[in-house]
Amino acid sequence: GIPLTVAKESEIGFFPEIYCEIGDSQSIVSSLSTFSAHVRVIASILDHSGPGSLVLLDEIAGGTDPEQGAALAAACLEALIERKATVAATTHYEALKELGNHDPRFRNAAVGFDVKSMLPSFRLLLDVAGPSTAFAVATRFGIPNTVVERAAELIPKSSHAREQLLEQLTA
């Protein structure tokens, strides 16, 4: 077990069933793309989870068209909540980040990240959707600045404004 750094009066639930969809199970041998591998696991989780279940989903419905993936992810999260499962999901889908703002059954959280050092701060920021660090990561790992600058030009202005706001909120 991992010790929890919490106050003495804190309480945590007990989950007799824990379901996870983490990582990438794509397989050429099994004819599974990244997306189909994710979907296969999520389908099983939907079949088996219910009250008392803890469901952990990393980049739910990733590896496909972003709009369809986000819609499918939202529908899956709604179905899990309706089944009374407790769910923690990570995403880069903007539509899912918006769920926490429009549906009281969901709550956003972000893990602090220092773009300069490229390290997590390990601070949990509740009620904030985290900004994207794609360009900073791309630069750090060798994508030429001219390519990253061009990518930034291709982003809609509304996305730039949203990212700046998220950066300010997490700061």
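## Charged pairs and core

Author: Start with arginine 105. At 41% relative accessibility, arginine 105 counts as partly exposed. Keep in mind that this is a predicted model.

Reader: Which side chain meets arginine 105 in a salt bridge?

Author: Aspartate 103 does, at 2.8 Å from N to O.

Reader: Is aspartate 103 buried or exposed?

Author: Buried. Its relative accessible area is 14%, and the cut-off for buried is under 20%.

Reader: Which residues are linked in a network with that pair?

Author: The salt-bridge network links Glu82, Asp103 and Arg105.

Reader: How many salt bridges does the structure hold?

Author: Five. One of them joins lysine 97 to glutamate 94, with the closest N and O atoms 3.4 Å apart.

Reader: Where do lysine 97 and glutamate 94 sit?

Author: Both are in helix 3. They are three residues apart, so about one helical turn separates them.

Reader: And lysine 97, buried or exposed?

Author: Lysine 97 counts as buried, at 8% relative accessibility. Glutamate 94 has a relative accessible area of 23%, so it falls in the partly exposed class.

Reader: What about arginine 150? Which residue does it pair with?

Author: Glutamate 153. The closest N and O atoms of that salt bridge are 3.2 Å apart. Both residues belong to helix 5, which covers residues 145-154. They are three residues apart, about one turn of the helix.

Reader: How accessible are arginine 150 and glutamate 153?

Author: Arginine 150 is partly exposed, at 44% relative accessibility. Glutamate 153 is exposed, with a relative accessible area of 58%.

Reader: OK, switching to the core. Which residues of the largest nonpolar core touch the most other members?

Author: Val55, Leu57, Ile60, Leu77 and Leu96 do, out of 21 residues in that core.

Reader: Which helices and strands each supply at least two residues of this core?

Author: Helix 1 (34-48), strand 2 (53-57), helix 2 (66-82) and helix 3 (94-102).

Reader: Which one gives the most?

Author: Helix 2, with eight residues.

Reader: Back to leucine 57. What is it in contact with, leaving aside neighbours within four places in sequence?

Author: Glu21, Ile45, Leu77, Leu80, Val87, Ala88, Ala89 and Thr90. Of these, Leu77 is also among the core residues that touch the most other members.

Note on methods:
Residues numbered from 1 in each chain as written. Predicted model: local features only at pLDDT ≥ 70, side-chain atom pairs only at ≥ 80, totals over all residues. Heavy atoms only, no water. Core = buried A, V, L, I, M, F, W, Y, C linked by side-chain atoms within 4.5 Å. Buried < 20%, exposed > 50% of the residue type's maximum accessible area, 1.4 Å probe, protein only. Helix = DSSP H or I, 4+ residues; strand = E, 2+ residues; numbered from the N terminus. Contact = heavy atoms within 4.5 Å. Salt bridge = Lys/Arg side-chain N within 4 Å of Asp/Glu carboxyl O.
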